[in-house]
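Have a look along with me.

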Amino acid sequence: MVTNWGRQRSVSLGALLCAAVLNLTACGAGRVTPIGTEGLQTAEDEGRIWREARELQSRLDRSALIDEDVSGYVNQVASKIVPGEVKRAIEVRVKVMKHPAPNAFALPHGAVYVHSGFLARMDNEAQLAAVLAHEISHIIHRHALQTFRNVKQAAAVASTLAVIGAPAGLPGAGVILLGTVGALAAISGYSQSLEEDADAEGLRLMVNAGYDPGEAVKVIENVMRYVEQEEIKEPFFFSTHPRLGERQASYRQLVDTQYKDRGGLQGKADFTAKMADVFLDNALLEMARGRYALAHEAIEKSFAVESKNARAHYLLGELFRQRALEGDQARAEKEYQAAIDLEPRFAEPHKGIGLLNYKKGASDLAKRHFAKYLELNPAAKDRAYIEHYLREIETGRGGP
């Protein structure tokens, strides 16, 4: 379920309140047996939760939000974390979701989702392992069922209905309709005690898998920096923001006592090599929101993997062109040209140079690069716009 990493998604609840109150009051609260200790037997109410979770998973997986390119690597990391007895009971599968917010969530039947924005703010495989271990702990210990059986959640649903429905803010992302399971998590998350349980159990799982537990603390620090950079104050979308400091302290206490002087794998080289394209994809998402500092950070992380990356140079050119601060136009043209030098048949940088020169009235240069863009990309979706610019140049109406 959605956890304390943060949340920025739209939900549509419908008759959630009535259903939640009826279901929650019909069930008793209390601890449940972890998955894998006695095989897998689901109660009737848990069966309903799993059915809704599978429906939500189906909608998510059919959406354009899923990034399949790095799923193999992410699932390799998850496979190291999931205990053998749990693997025999359920299948845990991880998907990467294209969203800039640093978040991750787990559905109770074994589906885990990690936002690309979270991956872009990680430094190594151990940090990924910390996040996956935390989410997998929620699954193993059936925290969704415990939350669902807690009658206090009904009050949380009722008090939060008035603030639901803000858009995700991502072009083309659309609205994801969440059922009871997703809505309960999106509204109230897990209790502090369950989050602390998942932190402690997650550390144990990642250490057992051979990872450095100290990297778990850095994950929280990265999220805290994001919250500060974004100046996030909305209590709904980051309802656990005030608790980030508490979670940082909790992780630190465990690392300094239970895992004192315990090292392990960090895996920076493998992680950054696998995530180079994710860094750039997330830079595009950040630019679409006008978050140029975060986009620049992601592009620089990609350059650290491969300095001669034509796409990274192009995106940095786009960032400078769109940001348009003093000196940015010259910086943009330099990056576009670097992309062309590295990959002569790369069409998009020519469009970028064309737009820069069109804006400042350098018609001949604009015309040459617009024409080259269409030559290299004859099926361009924006072909009609570029041809319009060319006609304006031909008639002398182009430029500022």
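Below are my entries, starting with the whole chain and then going to single residues.

**Ground rules.** I am working from a predicted model, in which local features need pLDDT of at least 70 and side-chain atom pairs count only at pLDDT 80 or more, while totals for chains, interfaces and linings use all residues. I number residues from 1 along each chain as its sequence is written, and side-chain values use heavy atoms, with hydrogens and water left out.

**Whole chain.** I looked up the secondary structure and found 19 helices and four strands. Here helices (H or I, at least four residues) and strands (E, at least two) are DSSP runs, numbered from the N terminus. Of the 400 residues, 54% count as buried; buried means under 20% relative accessible area, exposed over 50%, and partly exposed in between (1.4 Å probe, protein chains only). For contacts (heavy atoms within 4.5 Å), I noted that 73% of those with a separation of 6 or more are between residues 24 or more positions apart.

In what order do the four strands lie in the open sheet? I read 1-2-4-3, with mixed pairing. Two strands pair if DSSP finds at least two bridges between them. Strand 1 (66-67) and strand 3 (104-106) are the edge strands, each pairing on one side only. Strand 3 runs antiparallel to strand 4 (residues 111-115), and three bridges join them. Within strand 4, valine 114 stands opposite alanine 104.

Next I checked leucine 65, which sits in the loop between helix 2 (44-62) and strand 1. Leucine 65 counts as buried, at 11% relative accessibility.

**Aromatic pairs.** A pair of aromatic rings is described by the distance of the centres and the angle of the planes. Rings of Phe, Tyr and Trp (its six-membered ring) pair if their centres lie within 6.5 Å; planes under 30 degrees apart count as stacked, over 60 as edge-to-face and the rest as tilted. By this rule I have six aromatic pairs. One of them is tilted because the rings of tyrosine 314 and tyrosine 336 have their planes at 40°, with centres 6.0 Å apart. Tyrosine 314 belongs to helix 15 (residues 310-323) and tyrosine 336 to helix 16 (residues 328-342), so this pair ties together parts 22 residues apart in sequence. Both are buried: tyrosine 314 at 12% relative accessibility and tyrosine 336 at 0%.

I then turned to tyrosine 358 and tyrosine 389, whose ring centres are 4.8 Å apart and whose planes are at 45°, so this pair is tilted. The pair links helix 17 (residues 348-359) with helix 19 (residues 383-394), its members being 31 residues apart. Tyrosine 358 is buried at 13%, whereas tyrosine 389 is partly exposed at 25%. I also noted that ring pairs link Tyr314, Tyr336 and Phe346 into a cluster.

**Helix 10.** Which residues is aspartate 199 in contact with, leaving aside its neighbours within four places in sequence? I found His134, Arg247 and Tyr251. Aspartate 199 is in helix 10 and is buried, with a relative accessible area of 1%. Its side chain makes polar contacts with the side chains of arginine 247 at 2.6 Å and tyrosine 251 at 3.0 Å. A polar contact is a pair of N or O atoms within 3.5 Å; within protein, one must be able to donate a hydrogen and the other to accept it, and residues adjacent in sequence count only if both atoms are side-chain atoms.
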